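Okay, thanks everyone. Let me put the chain up on the screen and walk you through a few spots.

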Amino acid sequence: MNMNYMKEALKLAKKGLGSTSPNPMVGAVVVKNGENIGKGYHKKKGEPHAEVIALKDAGIKTKGATLYVNLEPCCHFGTTPPCTRAIICAGIKEVHISIKDPSPWANGKGIIELKKAGIKVILGECEQEANELNEAYFKWVKTGIPFVNFKAAITLDGKIADLNKGSKWITNERSRRFVHKLRSQVDAVMVGVGTVILDDPQLTVRWGRGRNPKRIILDSHLKISKEAKVLGDKCIIASLSGRGEPMCSPESLGQTHKFARDVRTTIWHIKKDTNGKVDILEVLKRAGKENIQSILIEGGKEVFTESLSRGLVDKVYFFIAPKLLGSGISVIKDLGIKKIEDALSLTSVKFRRFGDDMLIEGKLKTRC
């Protein structure tokens, strides 16, 4: 079995990182007589799927050819026609697929349709790589909740700021540039209102290329200033109430709607958690309903602690600078863990250097 063609399909698929959501990243390669005769990848929702582009690239040579694709071809009408129909009409004799699409509108139906048309289907090539590539999409279609990434920049002794709450800059420019790249690859960035008040961040992609993500601000009582840089198009405030008013009173709702119009920002009314603040899990559920497939949590300590203690984080990115503060603000508060054997442990750990900074990346097991 030649894995090279599937690896090429995966490489093509990755070109769609940060632009295909809420669709998955898909690449396709058409092969005949040992020759690559067509290739393509899905660029963004509403545009042709990878299989259709690859078949068009191959032209009249597709009859009797083999197709390699990292995800099960769709068999339903969405914003584009079904890919299975295009594959069948092109005369493809064999289709290699890395992994089934677990979405309710697919989940093996595309494979069944291809087999019924007499096409040989081979499943499982480069399955692990295909799973990792679309991990955010898979979680979202299975649970309705976005894939949650956690990013923190810390000193060697675990501080995110000094005693005066100063945090610029713990890490170097190379690390910060990579964070902008991470932002371009997710649908939304999330922070608490404390981070906005303290740092007045933009949370946009200014270094490098890529789309700006949506910005979700957890702000239970609308403390945010109307002059905050983060406000405007693509900004969402998750709040319990209007300014100082009980949730759902006519005065509160009217005041909140006026605030939203004034700053061109969307406001989500979210129910409170046991601490009387916006329930972060409910925010994630709402985000999933709004087709937000992936989120990058960037601060601050309260949001970090809440998301970790409730098991809501899928992947962490810890940027560690070779600095010591001694006193300062720790990255997280008490997680309620009493024994070392109960500590949150990372899996699939990766290490990367950005000059003198070290990035530790790993996955956590979530409870949702």
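So, which residues in the largest nonpolar core touch the most other members? They're V30, L67, I87, I92 and V95, out of 40 residues in that core. By nonpolar core I mean a set of buried Ala, Val, Leu, Ile, Met, Phe, Trp, Tyr and Cys residues joined through side-chain atoms within 4.5 Å. Buried is under 20% relative accessible area, with a 1.4 Å probe and protein chains only. Helix α1, residues 4-13, gives the most to this core, with six residues. Helices here are DSSP runs of H or I, at least four residues, and strands are E runs of at least two, numbered from the N terminus.

Quick housekeeping: this is a predicted model, where local features need pLDDT of at least 70, side-chain atom pairs count only at pLDDT 80 or more, and totals for chains, interfaces and linings use all residues. Residues are numbered from 1 along each chain as its sequence is written, and side-chain values use heavy atoms, leaving out hydrogens and water.

Apart from that core lies another one, of 34 residues, including V148, F150, A287 and L312.

A287 also takes us to helix α10, residues 280-289, where I280, L281, V283, L284, A287 and G288 are buried. Down the axis of α10, the buried residues fall within an arc of 155 degrees (taken from the directions from the helix axis to the C-beta atoms), so they line one face. At the N-terminal end, D279 caps α10, with a side-chain oxygen 2.9 Å from the backbone nitrogen of L281. Just past the helix, N291 has a positive phi of about 65 degrees.

Definitions and conventions:
Buried means under 20% relative accessible area, exposed over 50%, partly exposed in between (1.4 Å probe, protein chains only). A polar contact is a pair of N or O atoms within 3.5 Å; within protein, one must be able to donate a hydrogen and the other to accept it, and residues adjacent in sequence count only if both atoms are side-chain atoms.
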